[in-house]
Amino acid sequence: MFIIYVAHLPNNWWTLWIPARFGFSDATEIFVFCSGMASAIAFGKIFDIHGWGMGAARILHRMWQVYWAHIGQFLVIAVGLVMLHESNFLNDCCGLTQDYVASLNLWHLYDKTEVSLPGLLTLTWVPNYFDILPMYVVILALIPVIMLAARYSVKAAFAVSIGLWLASQFDLLSLPAEPWSDREWFFNPFAWQMLFFTGFAFMRGWIPAPPVNRTLVLVCIAVVLVTIPFAYFRVYGEYHLDWVWAREIREAIRPLWIKTEFGLFRYLHFLALAYVAWVAAGEHGKRLLGHGALWGRFVKIVQKVGQQSLPVFMASLVIAQAAGLLRDMVWGRGDWIPQILSNLLGFLALIAVAYVAGWYKSQPWRKPPAAPKGGKPDRPKSLPDDDSGQLARSKAGVREPALT
């Protein structure tokens, strides 16, 4: 979540140090893989206990939630930027003339409303800044398909996933991203689902945990290091080290690392990096613990942010735009202090979102009030008419349905 925020903060030189600069895979792979693991935990047991139909219904409900999260996030950013642009506030206060609406290619919403608005609602218009959640919606829709195949055999489930990935490699499966052009979704969900279901399979027990041995660790480290010359622009770039041979090889193997169709080398690089990280963390993350109270607190904060990945991700895109605007207002795009503040304060905002979302999801209003010191909780002598019925139902053992 923190790396994704850094990547979405406009004109942010911290992006020079995120994983995407040093390898074929990046934070997107981490997000999709972990989402697959989390989905296996959250939805797998529903298929096991309640059957395929109920599991599919739960997936449909989650798709509904993510879909409207995408629509809401898009409108908040698109409408907010246009309001700011039309007010001319940035020019009057700070002399900024940049068109921030155009930087996200969002004028189509206003110039081609009769086409773009239906495209937004049908996911046939997906601007690049907003492409993660639509991909996730389609991948979620594939969970019942994979679970149905797995009822026949796990090998059949793998065959479906690999088959979809292969079809995408030959451009047989793709989705349109703009009604007025032939541009396709930047993240082809039929390709990226293979990584999602890799994480899903690990948590379902379809794939055993890999062995921990020195040879495999060294091989994975070698894969990560060998990739750097072909992924790091300071190595192959014409205005940097200018390793021509590395640039030529990089272009020759483009289909193997391309992001849209999730090229094979992205998959292999991610698995190697994930294995090294998993070995370093230790079984159940034991090596992440026991390094003092301050480090332990840091680990818990990172866990909390990861546990609330959807609200944090949604907020991160909005916060990134706001932080970029505030930084530009003080003309600090190239200055150290505004750059550092726009990143670190953004991190604090994401942490706050995670804890607030966690508090709401805990439904504290369902818990009994804390007892005052030396006595029992205070209880009202009478209740308003609209609460008396609820009190009667509570005494009768009837619970109100949750809205989540």
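Predicted model: local features only at pLDDT ≥ 70, side-chain atom pairs only at ≥ 80, totals over all residues.
Me: How many salt bridges does the structure hold?

Reply: A salt bridge here is a side-chain nitrogen of Lys or Arg within 4 Å of a carboxyl oxygen of Asp or Glu. The structure holds nine. One of them joins the side chains of Arg204 and Asp48, at 2.8 Å from N to O. Arg204 lies in helix 10 (residues 189-204) and Asp48 in helix 2 (residues 27-50), so this pair ties together parts that are 156 residues apart in sequence. Helices are DSSP runs of H or I with at least four residues, strands are runs of E with at least two, and both are numbered from the N terminus.

Me: Which salt bridge does Asp328 form?

Reply: Asp328 pairs with Arg327, and their closest N and O atoms are 3.1 Å apart. Asp328 is buried, at 5% relative accessible area. Arg327 is buried as well, at 3%. Elsewhere, salt bridges that share partners join Asp26, Glu29, Lys259 and Arg266 into one network.

Me: What is the salt-bridge partner of Arg183?

Reply: The side chain of Arg183 meets that of Glu178 in a salt bridge, 3.2 Å from N to O. Arg183 is partly exposed, at 24% relative accessible area, whereas Glu178 is buried at 9%.

Me: Where is the nearest opposite charge to Asp131?

Reply: Asp131 is buried and has no salt bridge, and its nearest side chain of opposite charge is Arg183, 6.2 Å away. Asp131 lies in the loop between helix 7 (113-121) and helix 8 (132-152). Contact means heavy atoms within 4.5 Å. Not counting residues up to four places away in sequence, Asp131 touches Val126, Phe186 and Phe187.

Me: Which residues are in contact with Val312?

Reply: Leaving aside neighbours within four places in sequence, Val312 contacts Met1, Val305, Leu350, Val353 and Ala354. Val312 sits in helix 17 (residues 309-329) and is buried, with 0% relative accessibility.

Me: Which residues form the nonpolar patch on the surface?

Reply: Patches are made of residues with over 30% relative accessible area and no salt bridge; like charges are joined within 9 Å, and nonpolar side chains (Val, Leu, Ile, Met, Phe, Trp, Tyr) within 5 Å. Accessible areas come from the Shrake-Rupley method with a 1.4 Å probe, and for residues only the protein chains shown count as cover. Leu288, Leu289, Trp295, Phe298 and Val302 form the patch, with about 450 Å² of accessible area together. Trp295 is in helix 16 (residues 293-307) and is partly exposed at 36%.

Me: Which cysteines form a disulfide?

Reply: A disulfide is a covalent bond between the sulfur atoms of two cysteines. The criterion is a pair of cysteine sulfur atoms within 2.5 Å. The structure holds one disulfide, formed by Cys93 and Cys94 with their sulfur atoms 2.4 Å apart. The link of Cys93 and Cys94 is left-handed, with -85° about the S-S bond. Cys93 is partly exposed at 37%, while Cys94 is buried at 15%.

Me: What is the phi of Asn88?

Reply: Most residues other than glycine have a negative phi. Asn88 is not a glycine, yet its phi is positive, about 60°. Asn88 lies in the loop between helix 3 (52-87) and helix 4 (89-94). Asp242, also not a glycine, has a positive phi of about 60°, and is found in the loop between helix 12 (233-236) and helix 13 (244-252).

Methods. Residues numbered from 1 in each chain as written. Heavy atoms only, no water. Buried < 20%, exposed > 50% of the residue type's maximum accessible area, 1.4 Å probe, protein only. Lys, Arg positive; Asp, Glu negative; His and termini not counted.
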